[in-house]
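I opened my notebook today to look at cores and salt bridges. Come along and check each entry against the model yourself.

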Amino acid sequence: MGSVSLKIGDGTARFRRTTICSSAVNLLMLFSVVTTNLFALYAFSSHSQANSPLLHHSNNVSLVSQHLSLILREIDSSQRKLAQMEKQMLGYESIDLSRPNIVPELKLFLQRHQLPLGKDSRTGITEMVSSVGHSCEKSADLLSQYMSYKMFDKCPDDWSLGQKLILRACEPLPRRRCLAKTVYKQDLSRYPDSLWRSVSNKSVNWSGLGCKSFDCLKGKKLSRDCVGCFDLGNEKDRFVKVKGKNDFLIDDVLGLGSGKIRIGFDISGGSGTFAARMAEKNVTIITNTLNNGAPFSEFIAARGLFPLFLSLDHRFPFLDNVFDLIHASSGLDVEGKPEKLEFLMFDLDRVLKPGGLFWLDNFYCANDEKKKDLTRLIERFGYKKLKWVIGEKADAQVYLSVALQKPVRV
């Protein structure tokens with residue numbers, strides 16, 4: 001059979017293998033077969049003193065039949081356990097679709113579909129199953145609400161509900177068969193003028209947000225890395241003028257890359273200013289963002305830049321070794337938990353190419369221990385230190401800015 005055109009791992013579909021994928025189950029089945037056969041052998045030998053040859057033959061046939069049934073029951077039990085383990089590994093099958101509040105659209109989306117040409121000889125798959133986050137089980141009621149809509153009609157104005165599910169680790173969300181609310185993008189400027197032109201309030205969907213205009217957002221501290229970041233007049237000095245010793249200039253960092261910086265990934269959590277500055281240097285940047293308190297994604301897109309609506313808990317949907325540059329800041333510290341930071345850092349290392357640059361920009365260290373933990377984590381990757389600056393700001397707050405180069409690993 002030819003190759004299957006559906007992509008695995010792109011957030012749209014995944015497959016279930018028919019081959020046994022658990023070594024534990026293999027051992028369980030082997031143990032069951034060996035044990036039952038030894039038991040049968042013992043049973044045959046214990047009846048060797050029967051008086052009548054005919055009775056002896058009859059007893060042996062009966063014992064063979066009994067122990068054959070026992071073996072078959074053990075194999076059937078092992079197969080059921082294997083099937084249950086596979087369902088748990090698939091993740092979405094932990095959602096109880098028999099609940100009365102599960103809407104038909106969700107059941108239909110999660111329904112298995114046989115491959116039209118049968119088993120794929122390359123991968124061993126026979127079925128396609130749609131992808132949905134494992135943790136959706138914990139938010140089944142919200143998920144059903146999200147999937148409640150009129151098919152082939154307008155979707156409810158519920159993007160904030162979808163984001164709430166994402167923040168609860170229900171990611172990826174299921175696809176829907178409805179049309180998203182249309183927001184007419186008015187007064188958009190042509191690129192590259194759009195990079196620094198004000199974005200019209202009418203170009204954004206303000207539903208589900210506290211503010212209803214960009215004037216309301218000006219001066220607000222939406223995060224440690226976004227203080228008045230929707231005021232483009234205020235943003236124009238970023239990355240081109242130094243305000244403190246922890247601030248690196250874009251030209252200086254690009255110089256460290258020996259002119260080989262073409263594409264990058266930004267998870268700093270701003271309004272796209274880093275991507276705008278890099279665009280002026282003919283470098284394409286993808287900006288990871290969510291609409292936490294403000295229309296970050298739409299604002300970035302209105303500037304002619306590329307927003308990626310994805311939580312930092314999600315494995316990044318990029319192949320290994322693709323980016324020349326990764327830019328991060330205090331948003332890197334997911335929930336302040338060291339294990340979460342480690343998982344995130346390893347995924348960032350995965351998508352950064354050998355020789356690529358990792359720019360940690362004004363990372364806030366709550367205390368000296370936090371700084372030491374981060375330093376130890378960075379040193380585990382064996383990156384070459386190109387720039388390393390530790391500085392203090394107001395109220396003795398410690399910030400770390402570094403520019404590192406990923407080594408070639410063999």
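By about how many helical turns are D347 and R350 separated in helix α11? I found them three residues apart in that helix, which means about one helical turn lies between them. (Helices are DSSP runs of H or I with at least four residues, strands are runs of E with at least two, and both are numbered from the N terminus.)

Before going on, I noted that this is a predicted model, where local features need pLDDT of at least 70, side-chain atom pairs count only at pLDDT 80 or more, and totals for chains, interfaces and linings use all residues. Residues are numbered from 1 along each chain as its sequence is written, and side-chain values use heavy atoms, leaving out hydrogens and water.

**Entry: salt bridges**

I looked up the total, and the structure holds 22 salt bridges. (A salt bridge is a side-chain nitrogen of Lys or Arg within 4 Å of a carboxyl oxygen of Asp or Glu.)

I then checked burial (buried is under 20% relative accessible area, exposed over 50%, partly exposed in between, with a 1.4 Å probe and protein chains only). D347 is buried at 11%, and R350 is buried at 14%. I also noted a network in which R262, D324 and K353 are joined by salt bridges that share partners.

Next I picked K340 and D313, whose side chains meet in a salt bridge of 2.8 Å, N to O. K340 sits in helix α11 and D313 in the loop between β8 (306–309) and β9, so this pair ties together parts 27 residues apart in sequence. K340 is partly exposed at 26%, and D313 is partly exposed at 45%.

My last pair was D153 and K150, with their closest N and O atoms 3.9 Å apart in a salt bridge. Here D153 is partly exposed at 32%, while K150 is exposed at 59%.

**Entry: nonpolar cores**

I looked up what a nonpolar core is: a set of buried Ala, Val, Leu, Ile, Met, Phe, Trp, Tyr and Cys residues joined through side-chain atoms within 4.5 Å. The largest has 30 residues, and F265, L332, L348, F358 and L360 touch the most other members. Among the elements supplying at least two residues each are α11 (338–351) and β10 (352–365).

Which residues does L348 touch, not counting those up to four places away in sequence? I listed F265, I267, F316, I326, L332 and F358, where contact means heavy atoms within 4.5 Å. A second, separate core has 22 residues, including F239 and A403.
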